[in-house]
Amino acid sequence: MRPEKIEGSYLKAKMDYTTRELLKRYARMAVGQPFAPVLLNILVTSVCDMRCTHCFFTEELDDRPRKKLQMKTHEIQRIAETLGGNLGVLIIAGGEPFTRKDLPEIVRAFYENNRLESVYLMSNGQIQKRILPDVARILEECPKLNVAVALGIDGLKEEHEKIRQKPGSWDIAIDTARQLQAMKRQYNNRLDVQTCTCVMRSNQDRIFEWYDFLKYELKPDKVNINYIRPPSADPRELEFDHAIYARLSKMIDEDSRQAAIKNNYTGEAGFFKAAIDIYMHGLIAKTKEENRAQLRCYAGTAGAVIYDEGTVSSCENLAPVGNLRDYDWNFWRLWNSPAMKARRRKVADGCFCTHESNCYYPSLPFNPKHLIQIKRLEREMKRARREYERAEAEEGEGVAVEI
Ligand code: SF4
Ligand code: SF4
């Protein structure tokens, strides 16, 4: 066997699944071929039990004619079968996804057809009788899947309940987080509890107190922040002090580099995925400051959005490109359509925004200049975590000896 061949197979064996999948896409990108998205965002329903002041989906919520068009389980299964490749991250959002009774079946379809690596289940954390058993079922039925439940909690009790317009909702969401945290060990730590806080006018004044609560009390696996974007149910929420977002992003970045908060996901690529997240917040702040693109967006190439009634878009900021209903639920056919190709050309033409999961998350791994920084951050986070765990273990031994 030739030495380069040995080296090649050794590298291949060492390479984690995420890196292998990214390289496959890089190869297709190099020859101008479309490839299956690495990140798929499905808004599985427009039904929701809340009416948040920052919601961008308010007009669609609980719209009766729209609900009749909601994708059925078998239609989503067909999308999974025709996706055209393996999937790194599936984001299930809505509405409130847990209002659907078939969430475990939906996740399993992508797990079985696309070797799904991680699912992020976005939730307002209210319907515990659905959330807890469904998350347990997903973990049991998908034994290699990394599951993150991302709970939308927008600050301390007063701010959260004002924004969510639902008294008592903060206590339920926090209780859901704690109950999920208690489930982690049972599933070999494949479950991450994440908090998602949208930074806006109503929570800006006490956002650092909220962060302290997360850091010292709730201690989620992952702390996530979102930059509020239009359309917002209450447009006044959009007018907030940008410097607060920038300061908070920096704080999270520094705490993550020093392992002062856990802030990573489970799984082989957990640190990498978290590093993208942490890095992108700084970039979003810069985008706002300079009002210009900081990366090339690959929405519609590396990332896709599917709405509850079957329409597909590159992102939530641009109009849908087509409806899967008209393509017999064959995703790859729509993904390869002339309309989708035209959308990619439009995206490549310097488009920019602050959308975390549509723009930054799928695009950053395909921007080599940023990828280098992300890999550096990932290494730093890993090193700090190792040192933190070593110190904790030594402290534990010290206590044992003293006893
Ligand atoms: S932000 Fe989420 S929880 Fe709030 S109303 Fe919109 S869909 Fe519902
Ligand atoms: S930059 Fe934003 S609006 Fe433009 S295509 Fe990307 S995600 Fe969509």
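This is a predicted model: local features need pLDDT of at least 70, side-chain atom pairs count only at pLDDT 80 or more; totals for chains, interfaces and linings use all residues.

Q: How many residues of the shell around ligand 2 are nonpolar, polar and charged?

A: The shell contains nine nonpolar residues, four polar ones and no charged ones. In total, 13 residues surround ligand 2, and the closest are Cys297, Cys315, Cys351, Cys353 and Cys359.

Q: What does the radius of gyration say about the protein as a whole?

A: The protein has 15 helices and nine strands. Its radius of gyration is 21 Å, close to the 22 Å that the globule rule gives for 403 residues, so the protein is as compact as a globular protein of that length. Along the principal axes, the C-alpha atoms fill a box of roughly 70 × 65 × 45 Å. Of the contacts between residues at least 6 apart in sequence, 79% link residues at least 24 apart.

Q: Which residues have the most contacts inside the largest nonpolar core?

A: In soluble globular proteins, nonpolar side chains tend to be buried together. Here, buried residues account for 47% of the 403 residues. The largest nonpolar core has 100 residues, and those with the most contacts inside it are Leu90, Ile92, Val119, Val147, Val149, Val199 and Ala275. Helix α11, residues 270-290, gives the most to this core, with ten residues. Beyond its neighbours within four places in sequence, Val147 is in contact with Val119, Val135, Ile138, Leu139, Arg190 and Leu191.

Q: Which residues of helix α4 are buried, and against what do they pack?

A: In helix α4, residues 73-81, the buried residues are Ile76, Gln77, Arg78, Ile79 and Ala80. They pack against α5 (103-114), β7 (303-306) and α12 (331-335).

Q: Why does Lys24 count as partly exposed?

A: A residue is buried with 20 or more other C-beta atoms within 10 Å of its own, and exposed with 12 or fewer. Lys24 has 15 C-beta neighbours inside 10 Å, and therefore counts as partly exposed. Lys24 lies in helix α2, residues 17-30. Its C-alpha is 8.9 Å from that of Phe35, eleven residues away in sequence.

Q: Which residues does the annotation "coiled-coil region" cover?

A: In an unreviewed UniProt entry, this annotation covers residues 367-394. Over residues 367-394 the model is 96% helix and 0% strand, with the end C-alpha atoms 40 Å apart.

Technical notes:
Residues are numbered from 1 along each chain as its sequence is written. Chains are lettered from A and ligands numbered from 1 in the order in which they are written. Helices (H or I, at least four residues) and strands (E, at least two) are DSSP runs, numbered from the N terminus. The radius of gyration is taken over C-alpha atoms; the globule rule is 2.2 Å times the number of residues to the power 0.38. Two residues are in contact if their C-beta atoms, placed from the backbone, lie within 7 Å. A residue is near a molecule or strand if its C-beta atom, placed from the backbone, lies within 6 Å of it. Ala, Val, Leu, Ile, Met, Phe, Trp, Tyr, Cys and Pro count as nonpolar, Asp, Glu, Lys and Arg as charged, and the others, Gly among them, as polar. UniProt positions are given in the numbering used here, feature names are shortened, and annotations may be inferred rather than shown by experiment. A nonpolar core is a set of buried Ala, Val, Leu, Ile, Met, Phe, Trp, Tyr and Cys residues joined through C-beta atoms within 7 Å.
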